[in-house]
Amino acid sequence: MKEMFNDVEVLPSLEYFQKFVEKEEKVYSFYELLCKKLPLKLSCPKNLRRMLDQAIWLSSFKIKADEAYSLSIFSFFLSLLFFLPLSLMDFPSSLIFLTFPFLILIHFLTFPLFYSEVIRIRAANEAANVVLYMVSYLSLNPVYDAAIVYAASKCHGPLGNDLKRVVWSVLSGRYVDMKSALAAFSNKWLLWNEEFVNVITMMQLIEIVPSAERRSEILQAATERLLKGNYRKMESYAENLRTPSFLLLFFGIMLPLMGLVAFPLISIFLAGAIKPFYIAFGYTVLLPIILFWFLYRILSKRPGGYSHTEKIEEVQPNKYIRFGNLQFPILPLAILFGVIIMLPGLLHYAELFSYYHYITTNYPPPKAEQLWREYSLSSYSQERILSDTFHAMFVIWGLSFIFIFSYFFRSSRPFQFDQYIRKLENDFEYGLFELHSALQQNVPIEVAMDRVRKQYERINKTDSPIYHFFLQLHEKLIKEARSIESILFGEKGLLREIPSSMIKNVMSIVTAAISKSTTIASYVAKNISYYLGRLSEIEDLIKKTTIEITSNLEMQGKLIAPFMAAIVASSAVIIIQLLQGVAYILKSFQQLQGGVVIGETFADIFELLKIQEVMPPTLMQLIVGIYFIESVLIICYFYVGIARGFNKVHREYLTYKWLLGGIILFSLVFFGVIWAFQPIYNQIAGGLG
């Protein structure tokens, strides 16, 4: 087998696999380091041990079940010691801060089980890439062992890493041949993806089938089985997504916002029972953390083409912004401009804090509480409400600006480039088929490229990225005295700046086939074109299964979340103003009776409406505004995770667009509702006068 590395130029060196295995044995993940460095060692219960042992084996963690169990218990008590003093302040503090130790316990205790499921999904996703590279190589050279080696060198996820171990176990003499090593590792792969094991077993027939047509049929049948299996998994995943997306909408966004509407009433009727701090902390810290943790675990289990495949080459966001010859880091610049925008709002909240600090330090507690109540109640007056809320809105605008500015400059151009690369990848299947048709006529590669170019011109697809790719390739073949490999992969090669491992790997196989003969190259291009076409069809079917969910999330993020948040923030102000008017009416009616209270009824009602207990309206506005921003970020994260996986450029691009439209809608609705209500409030106040 070792001679095979010297015979085939597209295969990596033997040392490549040796270095991978040696490095992998020495490198520990952060979770593994926590388990290994933990001073506490506990014995794991038997029932839990069985589950953890299997999860650790499937995840390839270099730890033991006792270590994983000890970490979860240790983290629970450590976090409990940290949060316990905070939870002893009062009952609401206990409910909030004692939640964190249990969340940490659940996270670490279930992490091996969760990660093993993630690894299984990643391996299922990666199986399509493994088969693609095996099909590509077997089309060029029907040597099964070499195809395994080639796929192992091109795939870098859990399945690709296992294939590297398979190759090295054969090279190091642990197994006598490749088939024996694959059989040993298949015990794990059967739990990951049974179709993949069946497919690579079916491909072993390639070496004993003399007919090229028959080999092509075997490859097509194998890929069909795998791709259909992936599609069934995605269908099931999409069906299971309906409940989480509903929970995100109702329990994560809508119900908490509706709860904020009731908070002004709660703060009045249950004065002192719930403090603004708990509302602020719960909505801006605790709830987003729980939602993000929940959604991350859902998205990590997403099957399909873009979630966790080892796309080691992908368009990345910009880190710097250029002004002439100068460049500045985007995020610090966004924070600087955002803070400047926030200044009017920060000054308003500084005034609130300074007044509260002044009265609490210069007056006894009863008098200070009375002064603060009077100040809070006066902030709902018609003279102050629009001015105060307008100044406070600058904080929400500034926070939004930080995300909008940074995400715009980080992702705008990279997003356009990412769309170009995706279009190039999508068109690659048709381009390879046209290349196959041209090469089938046994013409030189320069002539074949020219015919492909002319075919695109005949069908009027000169705006396609693949057309420009073949056009550039043809021009360089004619003008430059270089080989096609040098033009594509050499210094300043056409593919050097293209962040697509799929295109680079496919073209490396095609160019290697061209160096043998145009007939072989035609056969290789045909097989790869067929596989890419089927992969594209499966991707389209996957999109159809999730279109209802993504459309629902898009409506939430772009319209429902900002509209509901604005209604909640403005309703909180209107409710207090209405209750304030009711309290004035009751008080005025009592005064009209000469101070005589009829049946104690109105006195009881007036005592019940402790309108003076309200907090300033701008505090509620700030809480709702921050939660609105966080909800848009979370919904967009969920949306892109379903549609594209963990693609930073796509996520940041959509986030800035959604947040920009959302903050405009939020501001218009918020001020529109408050402004429209003021004449009504004025009539009530005027009638009382």
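Select Ser522 first: this residue is buried, with a relative accessible area of 4%, which puts it under the 20% cut-off for that class. The model is a predicted one. Ser522 belongs to helix 21, which covers residues 518-592.

Now show the side chain of His436. A polar contact of 2.8 Å joins the side chain of Ser522 to the side chain of His436. Leaving aside residues up to four places away in sequence, Ser522 touches His436, Leu439 and Gln440.

Next, select helix 16, residues 382-439, together with helix 18, residues 465-479. Two packed helices are described by the angle between their axes and the distance between the axes. For helix 16 and helix 18, the angle is about 75° and the axes are 7 Å apart. The two helices are therefore roughly perpendicular to each other, since that class runs from 65 to 115 degrees. To display the contact, pick Tyr420, Lys423, Leu424, Asp427, Phe428 and Gly431 on helix 16. Their counterparts on helix 18 are Pro465, Ile466, Phe469 and Phe470. Sorted by class, the contact of helix 16 with helix 18 has seven nonpolar residues, one polar residue and two charged residues.

Move on to helix 7 (residues 99-140) and helix 11 (residues 194-202). Their axes come within 10 Å and cross at roughly 10°. Helix 7 and helix 11 are therefore roughly parallel to each other, as angles under 35 degrees count as such. On helix 7, select Ala127, Val130, Val131 and Met134; on helix 11, select Phe196, Val199 and Ile200. These residues make the contact. By class, the contact of helix 7 with helix 11 has seven nonpolar residues, with no polar and no charged ones.

Then turn to the nonpolar cores. Which residues have the most contacts inside the largest nonpolar core? They are Trp189, Met203 and Phe666, in a core of 145 residues. Helix 21 supplies the largest share of this core, 16 residues.

Centre the view on Phe666. Not counting residues up to four places away in sequence, Phe666 touches Met393, Ile396, Pro562, Ala565, Ala566, Ala569, Val624, Gly625 and Phe628.

For the last stop, select Ile321, Ile330, Phe405 and Leu622. These four are among the 17 residues of another core, which lies apart from the largest one.

Notes. Residues are numbered from 1 along each chain as its sequence is written. This is a predicted model: local features need pLDDT of at least 70, side-chain atom pairs count only at pLDDT 80 or more; totals for chains, interfaces and linings use all residues. Side-chain values use heavy atoms; hydrogens and water are left out. Helices (H or I, at least four residues) and strands (E, at least two) are DSSP runs, numbered from the N terminus. Buried means under 20% relative accessible area, exposed over 50%, partly exposed in between (1.4 Å probe, protein chains only). A polar contact is a pair of N or O atoms within 3.5 Å; within protein, one must be able to donate a hydrogen and the other to accept it, and residues adjacent in sequence count only if both atoms are side-chain atoms. Contact means heavy atoms within 4.5 Å. Axes are lines fitted to C-alpha atoms, for helices over the stretch in contact, and angles run from 0 to 180 degrees between N-to-C directions. Angles under 35 degrees count as roughly parallel, over 145 as roughly antiparallel, 65 to 115 as roughly perpendicular and the rest as oblique. Ala, Val, Leu, Ile, Met, Phe, Trp, Tyr, Cys and Pro count as nonpolar, Asp, Glu, Lys and Arg as charged, and the others, Gly among them, as polar. A nonpolar core is a set of buried Ala, Val, Leu, Ile, Met, Phe, Trp, Tyr and Cys residues joined through side-chain atoms within 4.5 Å.
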